Amino acid sequence: MEDEQRDDDEDERDDLLGGDELEEERDLDEDAEGGAESVTIEITGLSLYTHHGVSEAEREVGQRLVLDLRLDVGETDATATDALEDTIDYAEVCQLVALVAQQRSHKTLERLCSVVADRLLGDYELEGVWVKATKPEPPIPLSVDEISVEIWREAEE
């Protein structure tokens, strides 16, 4: 009797959902049953006052930079355990990135992104990392909303 009720409930749900929605729900159910999930953590808009730039004035006076990060964590037990120690603490990542970005001056955003990526890959078990550094008010004589550089780096095996 219980099995018949379950079948009736599923049939009713199938009638309520359209074909695409039903297929998507089944795919999600299969993924959940199929095992590990790949996790990506994104941090957007980390705003820091830094001293990076080609000109001596940029490095001396400083300016605001905005950093965006994507951490490819891969499989993590946190999806099942709900425990912070089973994943990457994004607050800790923000503190580390702020330290790295403010610790030393670089002439190019390319170098800054590279240093940040290396540090994240060195300190955390990541499959890959994407770092984007943006100057919202670049010191150039033309009207530009922002200038940014991004780097994608995969972990070495």
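This is a predicted model: local features need pLDDT of at least 70, side-chain atom pairs count only at pLDDT 80 or more; totals for chains, interfaces and linings use all residues.
The chain contains six helices and four strands, arranged along the sequence in the order α-α-β-α-β-α-α-α-β-β. Of its 157 residues, 36% are buried. The accessible surface amounts to about 10,600 Å², and carbon and sulfur atoms account for 44% of this area. Where contacts link residues at least 6 apart in sequence, 60% of them join residues at least 24 apart.

His 52 lies in the loop that runs between strand 1 (38-50) and helix 3 (56-61). With a relative accessible area of 1%, His 52 falls under the 20% cut-off and is therefore classed as buried. Its side chain comes to 2.9 Å from the backbone nitrogen of His 106. Leaving aside residues up to four places away in sequence, His 52 touches Glu 58, Arg 59, Gln 63, Leu 65, Ala 101, Arg 104, Ser 105, His 106, Leu 112 and Lys 135.

One of these contacts of His 52, Leu 112, is also among the buried residues of helix 6. Helix 6 covers residues 109-123; at 1.5 Å a residue, its 15 residues should span 21 Å, and the end C-alpha atoms are 21 Å apart, so the two values agree. The buried residues of this helix are Leu 109, Leu 112, Cys 113, Ser 114, Val 115, Val 116, Ala 117, Leu 120 and Leu 121.

Methods: Residues are numbered from 1 along each chain as its sequence is written. Side-chain values use heavy atoms; hydrogens and water are left out. Helices (H or I, at least four residues) and strands (E, at least two) are DSSP runs, numbered from the N terminus. Buried means under 20% relative accessible area, exposed over 50%, partly exposed in between (1.4 Å probe, protein chains only). Contact means heavy atoms within 4.5 Å. Accessible areas come from the Shrake-Rupley method with a 1.4 Å probe; for residues, only the protein chains shown count as cover. A polar contact is a pair of N or O atoms within 3.5 Å; within protein, one must be able to donate a hydrogen and the other to accept it, and residues adjacent in sequence count only if both atoms are side-chain atoms. The expected span of a helix is 1.5 Å times one less than its number of residues.
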